[in-house]
Every structure is written in structure tokens, then in C-alpha cells.
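Okay, thanks everyone, I'll keep this short.

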Amino acid sequence: MNKKIKIIFVVGARPNFIKIAPLLKEIKNYSHIKSILVHTGQHYDDKMSAVFFKDLNIKKPDYNLNIGGGSHGFQTGNIMIAFEKICLKEKPNLIVVVGDVNSTLACALVAVKLCIKIAHIEAGLRSFDKSMPEEINRILTDQISDYLFITEESAKNNLLKEGISSKKIFFTGNVMIDTLFNQIKSKNNNIKILQKLGIIKKQYSILTLHRPSNVDNKETLKTMLSVLNNIQQHIKIVWPIHPRAKNNINKFKLQYMFNKMKNIIIIEPLGYSEMAILVNNSKFVMTDSGGLQEETTALGIPCLTLRENTERPITIIQGTNILVGSNKNKIIKTVMEIINTKKKKNVFKKPKYWDGKTAKRIIAILNKVTL
Ligand code: UD1
């Protein structure tokens, strides 16, 4: 008979929920493994958190640390204090952390100091830009993890260069794409969102913007808004606005810049299924998110990444991603090319193992290594 295994799964911020959902579903097939879900509460608004639990059918967290917003030190420190208590009480065999948010690193640090094994899902991605808080979280989490699951081959080289043994690295594909494909083919998915917003398939673009490098500096944010003013004269823009961007527009008193923009629809953050439908039916996406670069590549939707670099090079080499940074001319030129191209050039190729079966591969490996 198999021994009983206990695994703690950690989530904290919006992109984590999308990655954890298929893993929790798959682990139900392993009756000797008990899964415990810990939500750090880094994201706490219903629209940033609860709606994902509902849309993605994620079980209610066994623990919610209710950390909330705050500086990096505040978030990381408070998560560590609270998570350590849970680890001491539950004594798990393994913890699973995903992605690159503050909750990922904080919980991994607690586990390594208690000699608890760590699996990191989405390991090895590197932007080589240490001014990004996520880059620090990635490097440090990978250094202390025991099992590193990678989404693309470039990640393996990055990890090997940082001295991580190839024995710890598993190329299993992209678990977020499992969730995406499940939603796109789900009968419950809600095409009504297009009617609700008064938009027509392929006649609108989507924008998301939340990186500190784009929204925390007044001049950069102003440039971004002036680019949007130009683009919305050619195509409708739907912008589900992140709290960080919204707060900063108010703080810098930039609301007036929207007065002339008649073709931009600003809405609250969307749940996962509505967002997936909107993206899948859009002409193109403009974003500084990591996840959307991958989702657009999996769906074959053009993506303009409003950053100077990406930690996900496969989306450029094989996928639909174009790095445009915050260069006004480059953004507008790329947008016009996409708008004026009648037929989609079918040159992109779906990356290896982005096939909707990544959770199966990951959990099978975790089962083996914890036996
Ligand atoms: C975090 C992650 C980022 C990820 C993003 C997805 C880190 C370092 N950053 O950035 O990698 O791409 O989540 O959204 O972990 N806020 C709310 N309601 C919420 C959540 C946040 O109002 O539910 C506010 C916070 O109070 C804060 C701001 O939004 O003022 C930023 O939140 P924070 O968790 O610090 O980082 P994000 O920018 O969301």
C-alpha cells in the first residue's frame, strides 16, 4: 500500500490561481495524496481572487493568510511568519509554488528552512532584468527548489547556467494552457461578454497594464495613455483595469486624458472565463503581463508586449508575440500593420507540450518523487 503523502499548494496572486487549478484537479486521481490549499491573500478583491475560484472550480482554501497589499518587505515577511505556522502544524512532505510573485518566494523560503521539499512550477524563466520584482522571485525560488518544472526549453539553459543540476529539471509544458483550453472548450463559457460590451468579434483589441515599470512612473504612464489615444482612433480598446494602474491614474491626476478617448472601454478586472473569451475573439492584445503573452501564442492571437524584454522567448521565436516596449512609434506602426493585414499569417507554431496535459505530467512526477 502507498504511504500517505501531504502536499501544500500555495496561491497568492491572480496568475497563481490559473496555474494551480488543473494541478488540484489532477491530484484528485491520487487517493493517497492529501492536498492542502493555502491562499496568502496577496490578492484579496473579489475581482482579483474570488471570481477565479468560482470560474476555475478551485476548492475553498484550507488556510487564508489574509496578508493583503503592502510593500514587498511587508508582504514577504508577513507571509513567511504566517506560512511557517502552517508548515509546522501540517508537516507536509512537499510544497508546490507556482510562478514568480512575492507569495511564491516567501513560501519557498519558509519551506527550505524547515527542510521541506519544494516543487516550483514555471521555473527557469528569466528576463535578465533585476529591476523587475518577479525576476528576483524567480532566481531565488529556483535556487532553493528541489523539483523545477519548466514551460519551455530556454528555461533549462538558464537553470543550468545558474548551477542547478539537470536532474532537478523537468520539461512538462505549460500548465496555464491546460486551464485556457479547458475554458475555451467549456460549454459554460460566456460569449455574452461581447454583447454586454457592445463589441464585435475581431473588431476590438484588449489592453492590460500593471507592471510597476509602466504604471508607477507618471511620465511613462502619460506616454502610455497618449499612445492609447492614438490607437483608439483606429480600433476599439477594451481595458480591464488592474488596481495598480487605476490607483496610479487617480494619484497622478491623469483622468483628464480619457476625455477625448471615445473608443476605449474601461472595465473592472474580469474573471477568467470572460477574459479568455474576449482574448480569443480579439483582433490583437496589448499587454505587459507574462501570462497573456503565452495565452495569445497558444490561441494564435497577435500580442504586442509593452515591455523591453520578455522571460518567455518561445512566444516570440515560435509564437505571436512582438516586443514593442514603450516606444510610441513602434507600438503604433505594429498596430497599424495588424489592423491592415486582412488574412492572418499562419506562421506561428504552438510550443512543445502546450497541449492541455501538463498537469497530468507534473502530478505523475510528483507522485513518483514523493513515494
Ligand atoms: C502582483 C505580482 C505580479 C503579477 C500581478 C498580477 C509580485 C511582486 N507581483 O503584482 O507578478 O503579475 O500580481 O496581478 O508579486 N490590489 C488591490 N486589490 C487586490 C490586489 C491588489 O487593490 O486584490 C492593490 C494593492 O493594494 C496594491 C496594488 O494593487 O496597491 C498592487 O498589488 P500587489 O499584490 O502589490 O502587486 P501587483 O501589482 O498586483
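So, how many salt bridges are there between domain 1 and domain 2? The count is three. Keep in mind that this is a predicted model.

Let me back up and say what the domains are. The domain assignment puts residues 5-173 plus 354-370 in domain 1, and 191-340 in domain 2. Going by C-alpha atoms, their centres are 27 Å apart. On the contact itself, domain 1 puts in 23 residues and domain 2 puts in 20.

Now the buried area. The two domains bury about 1700 Å² between them, and 60% of that is on carbon and sulfur atoms. If you want names on the domain 1 side, go for K47, E152 and W354: together they supply 29% of the area domain 1 buries against domain 2, more than any other three residues.

Back to the polar side of things. Seven residue pairs are in polar contact across the interface of domain 1 and domain 2. And which helices does domain 1 use to touch domain 2? α1 (14-27), α2 (46-55) and α5 (133-144) each bring at least two residues to that side. α2 gives the most, with five residues. Sorted by class, the side of domain 1 that touches domain 2 comes out as 11 charged, eight nonpolar and four polar residues.

That's my bit, happy to take questions.

Notes. Residues are numbered from 1 along each chain as its sequence is written. This is a predicted model: local features need pLDDT of at least 70, side-chain atom pairs count only at pLDDT 80 or more; totals for chains, interfaces and linings use all residues. Side-chain values use heavy atoms; hydrogens and water are left out. Domain bounds come from an automatic or database domain assignment. Contact means heavy atoms within 4.5 Å. Buried area is the accessible area (1.4 Å probe) that two parts lose on being put together, summed over both. A salt bridge is a side-chain nitrogen of Lys or Arg within 4 Å of a carboxyl oxygen of Asp or Glu. A polar contact is a pair of N or O atoms within 3.5 Å; within protein, one must be able to donate a hydrogen and the other to accept it, and residues adjacent in sequence count only if both atoms are side-chain atoms. Helices (H or I, at least four residues) and strands (E, at least two) are DSSP runs, numbered from the N terminus. Ala, Val, Leu, Ile, Met, Phe, Trp, Tyr, Cys and Pro count as nonpolar, Asp, Glu, Lys and Arg as charged, and the others, Gly among them, as polar.
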